[in-house]
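I opened the notebook to record what I looked up in this model. The entries follow in the order I made them.

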Amino acid sequence: MEGKDSLNLDNMGLENLDTPKSNAWRGLAFENVCFNHIAEIKNALGIKNVATQQTLLSPQREDTVNSQIDLIIERKDNIINLCEIKFYSDDYTVSKEYYRRLLQRIKNIQPLVNKKCAVRNTLITTFGLKKNEYSSAFSDVIVLDDLFSL
């Protein structure tokens, strides 16, 4: 069956590899993997024996915290990890704009948490973080291999 309506099943995966829909799907699938590996994330942070509570934040209004937070780990040692979960095909690079957004997010959330708590940005990504002048926005970096290392 030839023609424009026919599907080339041999190349279907390759043709759809880098589309917005497949990238969104991979991002959501990676988030799901992370949500199902909280113990491994805690181990990678060095807090496997610290009591924690995990939540996520999807604000009702854009001005409440300045963005969605993929995973929040509230720790009994008075540290809160604001986790960004990023599926990326290479080391993740923090841009100047994204750096400013991360700093603003901490500034916006700080009044909402206990004054004794420190707030840290944590990156959970597939391969790592590319070092640049903005990479210091993340206190901790967890990679895909960490999720399967217990």
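Predicted model: local features only at pLDDT ≥ 70, side-chain atom pairs only at ≥ 80, totals over all residues.

I looked up Tyr134 and found a relative accessibility of 18%, so Tyr134 counts as buried. Residues are numbered from 1 along each chain as its sequence is written, and side-chain values use heavy atoms, with hydrogens and water left out.

I placed Tyr134 in the loop between β4 and β5. For these names, helices (H or I, at least four residues) and strands (E, at least two) are DSSP runs, numbered from the N terminus. I then asked which residues Tyr134 is in contact with, leaving aside its neighbours within four places in sequence. They are Val94, Ser95, Lys96 and Tyr99, where contact means heavy atoms within 4.5 Å. Ser95 is 39 residues from Tyr134 in sequence, but their C-alpha atoms are 6.6 Å apart in space.

I searched the whole structure and noted five aromatic pairs. Rings of Phe, Tyr and Trp (its six-membered ring) pair if their centres lie within 6.5 Å; planes under 30 degrees apart count as stacked, over 60 as edge-to-face, and the rest as tilted. Phe30 and Phe87 make an edge-to-face pair, with 6.1 Å from centre to centre and 65° between the planes. Phe30 lies in helix α2 and Phe87 in the loop between β3 and α4 (96–109), so this pair ties together parts that are 57 residues apart in sequence. I checked both for burial: Phe30 is buried at 4% relative accessibility, whereas Phe87 is partly exposed at 35%.

Next I looked at Tyr99 and Tyr134, whose ring centres are 5.3 Å apart with planes at 50°, so the pair is tilted. Tyr99 is in helix α4 and Tyr134 in the loop between β4 (118–125) and β5 (140–143), so the pair joins parts that are 35 residues apart in sequence. Tyr99 is partly exposed, at 22% relative accessible area. I also noted a cluster, in which ring pairs link Tyr88, Tyr92, Tyr98 and Phe138.

I read α2 as 16 residues reaching 23 Å from its first C-alpha to its last, close to the 22 Å expected at 1.5 Å a residue. The expected span is 1.5 Å times one less than the number of residues. Which residues of α2 are buried? I listed Ser22, Gly27, Phe30, Glu31 and Cys34. Their cover includes α3 (38–45), β2, β3 and β4.

In α3, I found Ile38, Glu40, Ile41, Lys42 and Leu45 buried. What covers them includes α2, β1, β2, β3, β4 and β5. After α3 comes Gly46, with a positive phi near 80°.

Asn78 is not a glycine, yet I noted a positive phi of about 65° for it. Asn78 sits in the loop between β2 and β3 and is partly exposed, at 33% relative accessibility.

On a 1 Å grid over the protein atoms alone, a pocket is an open set of points where a 1.4 Å probe fits, with protein on both sides within 12 Å along at least five of seven lines; lining residues have an atom within 4 Å of a point. Grid points are joined across faces, edges and corners, and a volume is the space filled by probe spheres set on the points.

The largest pocket holds about 280 Å³ of space. I counted 17 lining residues, and those nearest its centre are Glu74, Arg75, Ile80, Val113 and Cys117. β1 (52–57) and β2 (69–75) are the elements that give two or more residues to this lining, and β1 gives the most, with four.

The second largest pocket holds about 180 Å³. Twelve residues line this second pocket, and Glu31, Asp70, Glu84, Ile85 and Lys86 are the closest to its centre. α2 (20–35) and β3 (79–86) each supply at least two residues of the lining.

Notes: Buried < 20%, exposed > 50% of the residue type's maximum accessible area, 1.4 Å probe, protein only.
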